[in-house]
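Here is a short briefing on helix packing and pockets. Look at the sequence and the structure first, then read on.

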Amino acid sequence: MGAGFRPRRRASVNLPNWLTVGRIAFTPLLVWLPLQEDPGYRLAAFVLYLAVAVTDYYDGMLARSRGLVTDLGKLLDPLADKLLLVGTFVPMFWLQAPVSDPMLHAFERSEEHTSELQSHSFISYAVFCLK
């Protein structure tokens with residue numbers, strides 16, 4: 001090993017990792033599209049889901065077959081899978097849940113409730129600062 005020899009590091013930025021980052025980036029769109037009333041948006045969500053599922057297969061295959069497995073990819077791929085799973089379950093629940101389900105109303109806030117929360121948080125912050 002000469003003085004100028006440096007071991008070659010595998011780059012964390014490669015095609016399989018970019019495909020995984022793309023899956024993560026498209027997840028919010030996959031949550032939003034099915035919640036729209038227009039059937040075209042829902043069809044677009046389905047097609048996008050298929051494309052994302054296919055890239056999940058190909059990024060793993062490319063990484064293993066070309067020796068591009070990285071620590072970053074080992075972290076991002078399961079994260080992308082779980083985000084995609086949650087990102088598809090939320091719209092399915094939202095669209096299929098009965099109107100009387102309390103989970104649907106958990107995120108709705110009235111103006112009165114919001115201003116009450118804001119005043120309570122201001123008081124809590126003021127008390128915290130005075131301690």
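At what angle do α1 and α3 pack, and how far apart are their axes? The angle is about 20°, and the axes are 9 Å apart. The model is predicted, so local features need pLDDT of at least 70 and side-chain atom pairs count only at pLDDT 80 or more, while totals for chains, interfaces and linings use all residues. Residues are numbered from 1 along each chain as its sequence is written, and side-chain values use heavy atoms, with hydrogens and water left out.

**Terms for the helices**

- Two packed helices are described by the angle between their axes and the distance between the axes.
- Helices (H or I, at least four residues) and strands (E, at least two) are DSSP runs, numbered from the N terminus.
- Axes are lines fitted to C-alpha atoms, for helices over the stretch in contact, and angles run from 0 to 180 degrees between N-to-C directions.
- Angles under 35 degrees count as roughly parallel, over 145 as roughly antiparallel, 65 to 115 as roughly perpendicular and the rest as oblique.

**α1 with α3**

- α1 and α3 are therefore roughly parallel to each other.
- Their crossing is left-handed (the near helix is turned anticlockwise from the far one by less than a right angle; clockwise would be right-handed).
- In α1, the residues in contact (heavy atoms within 4.5 Å) are N17, T20, V21, R23, I24, T27, L30 and V31.
- Their partners in α3 include L72, L76, L83 and P91.
- This contact divides into eleven nonpolar, five polar and three charged residues.
- Ala, Val, Leu, Ile, Met, Phe, Trp, Tyr, Cys and Pro count as nonpolar, Asp, Glu, Lys and Arg as charged, and the others, Gly among them, as polar.

**α1 with α2**

- Helix α1 covers residues 15-32 and helix α2 covers residues 39-65.
- Their axes come within 9 Å and cross at roughly 160°.
- That makes α1 roughly antiparallel to α2.
- The α1 side of the contact includes L15, F26 and W32, and the α2 side includes Y41, L48 and L62.
- By class, the contact holds 14 nonpolar, two polar and three charged residues.
- The crossing of α1 and α2 is left-handed.

**α2 with α3**

- α2 and α3 pack at about 160°, with their axes 12 Å apart.
- That makes α2 roughly antiparallel to α3.
- This crossing, too, is left-handed.
- R42, Y49, V52, D56 and D59 of α2 meet D77, D81, L84, T88 and L95 of α3.
- Four of these residues are nonpolar, one is polar and five are charged.

**The pockets**

- On a 1 Å grid over the protein atoms alone, a pocket is an open set of points with protein on both sides within 12 Å along at least five of seven lines, where a 1.4 Å probe fits; lining residues have an atom within 4 Å of a point.
- The largest pocket has a volume of about 250 Å³ (the space filled by probe spheres set on the points, which are joined across faces, edges and corners).
- Its lining includes L30, R42, F46, F89 and M92.
- α3 gives the most to that lining, with six residues.
- The lining of the largest pocket has nine nonpolar, two polar and one charged residue.
- The second largest pocket holds about 160 Å³ of space.
- Of the 13 residues that line the second largest pocket, G60, A63, G73, K74 and D77 are the closest to its centre.
- α2 gives the most to the lining of the second largest pocket, with four residues.
- That lining has four nonpolar, five polar and four charged residues.
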